[in-house]
Amino acid sequence: MADLDGNLSAKQFHPGTPSARFTHGIRGADNLDWGMQNRLARILEPATGRTVMLAFDHGYFQGPTSGLERIDLNIAPLSELADALMCTRGSLRTSIPPSTRAGLVLRASGGPSILKELSDEHPAMAMEDAVRINADAVAVQVFVGGEHESRSIRNLTGLVDAGYTAGIPVLGVTAVGKELTRDSRYLGLAVRIIAELGAQLVKTYYCDEGFEDVVAGCPVPVIMAGGKKLPELEALTMASNAVRAGAAGVDMGRNIFQSASPRAMMLAVRAVVHDDLDPQDAYELFRTASEARVPA
Ligand code: R5P
């Protein structure tokens with residue numbers, strides 16, 4: 001017990017000063033519980049509401065994707081440059097050091113491999129394991145318009161309910177089937193449905209026309225998905241266009257780990273997202289960092 005002798009009797013309650021109000025730049029999060037807001041602030045930079053997430057969850061349906069053959073060697077060293085990591089619990093536990101400071105977004109749906117119908121997903125992780133791992137969010141694929149649309153919506157809403165119990169946000173990922181067009185009409189429909197059903201974050205692809213409407217119509221942060229590997233300047237331009245249209249940042253996989261210099265690409269993407277660097281200048285940064293042979 002503390003020593004009671006010698007306590008100062010002069011207290012400073014500042015009666016004329018209103019209680020502090022804490023605000024941040026994370027869209028739609030002001031009315032969430034403290035724990036959820038705290039977790040979101042580990043994924044997104046609270047002042048700007050932006051993030052650079054590194055996605056390497058591909059193995060949950062693709063197996064050993066090019067660039068992800070050895071996550072411990074190729075990806076773990078990049079984690080210090082990511083605001084958050086998006087991965088499966090399997091790759092996290094085996095290949096990422098628990099000392100990482102990055103936010104953690106864990107893949108929580110799965111089922112079919114690339115050999116089967118991909119939309120046939122189910123929940124693939126219990127929320128109690130996300131708590132055990134200390135996840136900052138869980139991610140679920142949502143197949144709006146797909147063959148198993150209702151089930152994937154159920155996967156989402158089940159996780160949202162469990163997430164509220166645990167204080168863990170849910171990232172809904174718009175999964176675009178081969179038969180669906182990635183235009184603003186479809187993406188706007190999909191992100192809005194995901195947000196209305198309770199996801200605190202949404203990830204979706206970029207579209208050249210109307211992406212600002214997709215973002216404006218979604219009341220939670222919209223994070224741009226990377227998609228297939230593009231030449232670096234094109235990928236940086238797409239990321240820049242997305243954040244300038246209001247996206248809360250990017251969640252990129254192949255455009256990072258399949259780059260000739262993943263570490264240089266991380267630096268360039270960070271400059272676009274967090275510093276609003278022009279894509280051409282970011283590309284020069286990429287080239288300079290690549291030539292400096294910064295180890296991956
Ligand atoms: C998205 O559907 C999955 O989460 C992917 O496995 C991953 O996020 C894709 O990343 P990228 O398209 O940037 O390689």
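This is a predicted model: local features need pLDDT of at least 70, side-chain atom pairs count only at pLDDT 80 or more; totals for chains, interfaces and linings use all residues.
Reader: Which residues come nearest to the ligand, among the 14 around it?
Author: The shell around the ligand divides by class into 6 nonpolar, 5 polar and 3 charged residues. Within that group of 14 residues, the ones that come nearest are A55, H58, G226, G253 and R254.

Reader: Which residues of α9 and α12 make the contact, and how do they divide by class?
Author: The two helices meet in a right-handed crossing. On the side of α9 the contact is made by E232, L233, L236, T237 and S240, and on the side of α12 by P279, A282, Y283 and F286. By class, the residues of this contact are 6 nonpolar, 2 polar and 1 charged.

Reader: How are α11 and α12 oriented to each other, parallel or antiparallel?
Author: The axes of α11 and α12 come within 8 Å, and they cross at roughly 155 degrees. The cut-off for this class is an angle over 145 degrees, and α11 and α12 are therefore roughly antiparallel.

Reader: How do the residues of the contact of α11 with α12 divide by class?
Author: The crossing of α11 past α12 is right-handed. In α11 the residues that take part are R263, A264, M265, L267, A268, A271 and V272, and they meet P279, A282, Y283, L285, F286, A289 and S290 of α12. The residues of the contact divide into 12 nonpolar, 1 polar and 1 charged.

Reader: How do α9 and α11 run, parallel or antiparallel to each other?
Author: With their axes 9 Å apart, α9 and α11 pack at an angle of about 25 degrees, and α9 passes α11 in a right-handed crossing. Because angles under 35 degrees fall in that class, α9 and α11 are roughly parallel.

Reader: How do the residues of the contact of α9 with α11 divide by class?
Author: From α9 the residues E232, L236, A239, S240 and V243 meet M265, A268, V269, V272 and V273 of α11. By class these residues are 8 nonpolar, 1 polar and 1 charged.

Reader: Is N134 buried or exposed?
Author: N134 lies in the loop between α5, residues 127-133, and β6, residues 137-142. Although N134 is not a glycine, its phi is positive, at about 75 degrees, whereas most residues other than glycine have a negative phi. Because N134 has 12 other C-beta atoms within 10 Å, and a count of 12 or fewer is the cut-off, N134 is exposed.

Reader: What is the phi of D276, another residue other than glycine?
Author: The loop between α11, residues 262-275, and α12 is where D276 is placed. With 13 C-beta neighbours inside 10 Å, D276 counts as partly exposed. Its phi is positive, with a value near 55 degrees.

Reader: Is A82 buried or exposed?
Author: A82 is found in the loop between α3, residues 71-74, and β2, residues 84-87. Leaving aside neighbours within four places in sequence, A82 is in contact with V52, M53, L54 and A102. Because A82 has 25 C-beta neighbours inside 10 Å, and 20 or more is the cut-off, A82 counts as buried.

Reader: Which residues does V138 touch, not counting residues up to four places away in sequence?
Author: V138 has its place in strand β6, and with 29 C-beta neighbours inside 10 Å it counts as buried. Beyond the four places excluded on either side, the residues that V138 touches are L106, A108, M125, A130, L159, G163, I168 and V170.

Key:
Residues are numbered from 1 along each chain as its sequence is written. A residue is near a molecule or strand if its C-beta atom, placed from the backbone, lies within 6 Å of it. Ala, Val, Leu, Ile, Met, Phe, Trp, Tyr, Cys and Pro count as nonpolar, Asp, Glu, Lys and Arg as charged, and the others, Gly among them, as polar. A crossing is left-handed if the near helix is turned anticlockwise from the far one by less than a right angle, and right-handed if clockwise. Helices (H or I, at least four residues) and strands (E, at least two) are DSSP runs, numbered from the N terminus. Two residues are in contact if their C-beta atoms, placed from the backbone, lie within 7 Å. Axes are lines fitted to C-alpha atoms, for helices over the stretch in contact, and angles run from 0 to 180 degrees between N-to-C directions. Angles under 35 degrees count as roughly parallel, over 145 as roughly antiparallel, 65 to 115 as roughly perpendicular and the rest as oblique.
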